[in-house]
Amino acid sequence: MVLFCVTKGSPVVFLPLVTLSNHERGVMEYTLTPHLILFYNMSKETFQVTFPDGTVTFLNPLLVAKKGLTNVNLDLLKHSHIYKWQLFKEMEEADNPHDLQVIAKKVEEVEFYQQELWGFAKNASMHKFWLVPQCECPADDNNEAYGSGHRIYAEHCPIHGEGWVK
Ligand SMILES: [Zn+2]
């Protein structure tokens with residue numbers, strides 16, 4: 001089922017996906033005090049993204065408020081996260097570099113589109129490309145270079161190695 005479609009050639013702007021660790025999720029729960037929710041007249045569910053397997057993540061409510069996101073953008077962001085989750089599932093099941101690369105490009109498109117929805121400038125250097133399933137590029141090195149635009153690819157990575165169009 002296609003929940004969300006990225007228009008090819010649309011002016012896109014990126015933002016790193018809000019992927020929360022358990023600790024960050026705890027902080028988020030703490031941040032969402034009744035007072036804050038009342039202040040923004042929003043419920044916790046406003047920020048919640050529920051994936052098909054029942055797991056959840058939350059959009060950053062403070063960033064949502066700061067950016068003054070509309071409900072439409074919020075909905076699109078939520079759908080985009082679910083779509084990306086589905087793309088990750090497809091990547092987990094893919095068994096050849098070609099398919100992996102095609103889907104990885106879709107993930108990139110989603111991340112650009114999410115930047116646009118957040119109201120951020122387009123910035124590919126904020127993509128955590130090494131987090132896609134089956135990527136074998138060095139995570140530590142890329143975390144260190146994060147934001148600089150410098151990417152460290154592993155030659156043997158089935159996605160970012162041979163055949164990857166940079
Ligand atoms: Zn890789």
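Reader: Which residue follows helix 5, and is its phi positive or negative?

Author: This is a predicted model, in which local features need pLDDT of at least 70, side-chain atom pairs count only at pLDDT 80 or more, and totals for chains, interfaces and linings use all residues. Residues are numbered from 1 along each chain as its sequence is written. Helices (H or I, at least four residues) and strands (E, at least two) are DSSP runs, numbered from the N terminus. Gly119 follows helix 5, and its phi is positive, near 85°.

Reader: What should helix 5 span, and how far apart are its end C-alpha atoms?

Author: The expected span of a helix is 1.5 Å times one less than its number of residues. Helix 5 (residues 97-118) has 22 residues, so it should span 32 Å; the end C-alpha atoms are 31 Å apart, which agrees. Helix 4, with 23 residues, reaches 33 Å from first C-alpha to last, close to the expected 33 Å.

Reader: At what angle do helix 4 and helix 5 pack?

Author: Axes are lines fitted to C-alpha atoms, for helices over the stretch in contact, and angles run from 0 to 180 degrees between N-to-C directions. Here the angle is about 165°, and the axes of helix 4 and helix 5 are 10 Å apart. Two residues are in contact if their C-beta atoms, placed from the backbone, lie within 7 Å. Among those making this contact are Leu77 and Tyr83 of helix 4 and Leu100 and Val107 of helix 5.

Reader: Which residues touch the most other members of the largest nonpolar core?

Author: In soluble globular proteins, nonpolar side chains tend to be buried together. A nonpolar core is a set of buried Ala, Val, Leu, Ile, Met, Phe, Trp, Tyr and Cys residues joined through C-beta atoms within 7 Å. A residue is buried with 20 or more other C-beta atoms within 10 Å of its own, exposed with 12 or fewer, and partly exposed in between. The largest core has 17 residues, and Leu100, Ile103, Ala104, Val107, Val132, Cys135 and Ile159 touch the most other members. Helix 5 gives the largest share, 9 residues. Leaving aside neighbours within four places in sequence, Ala104 is in contact with Val132 and Ile159.

Reader: Why does Lys67 count as partly exposed?

Author: Lys67 counts as partly exposed because it has 15 C-beta neighbours inside 10 Å. Lys67 lies in helix 3 (residues 61-67). Not counting residues up to four places away in sequence, Lys67 touches Trp118 and Gly119.
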